[in-house]
Amino acid sequence: MTFRSHMEIALSEARAAATRGEVPVGAVIVDASGAIVARAGNRTRELNDPTAHAEVLAIRDACAALGVERLPDHDLYVTLEPCPMCAAAISFARIRRLYYGAGDPKSGGVAQGARVYAHPQCHHTPEVYDGIASEDAAGILKSFFAERRG
């Protein structure tokens, strides 16, 4: 099977989150065949839920749709480096591969900050691929915050 990025769909979810006034992060979960199982954007403000990050919502939706608690044959595309909470959720869900766009020096939990997957207590580490459409993902975030400041 040839690799096909689903980051464009994650970017679309990020843009939709921005229009709702949410920090623009989008996520997509695909199965081994590349079929989309779940997609989500941040909804922390809308749901009054600090855990309603795009990755967590997509994992919840995928598990509910499939009737399972883990997603070992699934990949996650997300526009921003997951925070420590989301990195842990990805590990607990046993996601096979993580593809993310922009790095997050302030709140990242994969390559920056907590580096969740580097800890011996981490029971599962997905394959990690970063920088997928990073300029587009970073641009959406920069525009969102510039509008809030300006």
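## A buried tyrosine and its ring partners

Let's start with tyrosine 99, which counts as buried because its relative accessibility is 6% (buried is under 20% relative accessible area, exposed over 50%, and partly exposed in between, with a 1.4 Å probe and protein chains only). This is a predicted model, in which local features need pLDDT of at least 70 and side-chain atom pairs count only at pLDDT 80 or more, while totals for chains, interfaces and linings use all residues. Residues are numbered from 1 along each chain as its sequence is written, and side-chain values use heavy atoms, with hydrogens and water left out.

The model holds three aromatic pairs (rings of Phe, Tyr and Trp, the last by its six-membered ring, with centres within 6.5 Å; planes under 30 degrees apart are stacked, over 60 edge-to-face, and the rest tilted). In one of them, tyrosine 99 is stacked with tyrosine 129, at 5.0 Å centre to centre and 20° between the planes. This pair links distant parts of the chain, since tyrosine 99 lies in strand S4 (residues 97-102) and tyrosine 129 in strand S5, 30 residues apart (strands are DSSP runs of E, at least two residues; helices are runs of H or I, at least four; both are numbered from the N terminus). Tyrosine 129 is partly exposed because its relative accessibility is 35%. Ring pairs join Tyr77, Tyr99 and Tyr129 in a cluster.

## Glutamate 127 in strand S5

Strand S5 (residues 127-129) also contains glutamate 127. At 36% relative accessibility, glutamate 127 is partly exposed. Its side chain makes a polar contact with that of tyrosine 129, at 2.5 Å (a pair of N or O atoms within 3.5 Å; within protein, one must be able to donate a hydrogen and the other to accept it, and residues adjacent in sequence count only if both atoms are side-chain atoms).

Leaving aside neighbours within four places in sequence, glutamate 127 is in contact with Arg96, Arg97 and Leu98 (contact means heavy atoms within 4.5 Å).

## Where H1 meets H5

Helix H1 (residues 7-19) packs against helix H5 (residues 134-149) at an angle of about 5°, with the axes 10 Å apart. H1 and H5 are therefore roughly parallel (angles under 35 degrees; over 145 is roughly antiparallel, 65 to 115 roughly perpendicular, and the rest oblique). On the H1 side are Glu8, Leu11, Arg15 and Ala18, which meet Asp136, Ala137, Ile140, Phe144 and Arg148 in H5.

Phenylalanine 144 is buried, with a relative accessible area of 5%.

Methods
Axes are lines fitted to C-alpha atoms, for helices over the stretch in contact, and angles run from 0 to 180 degrees between N-to-C directions.
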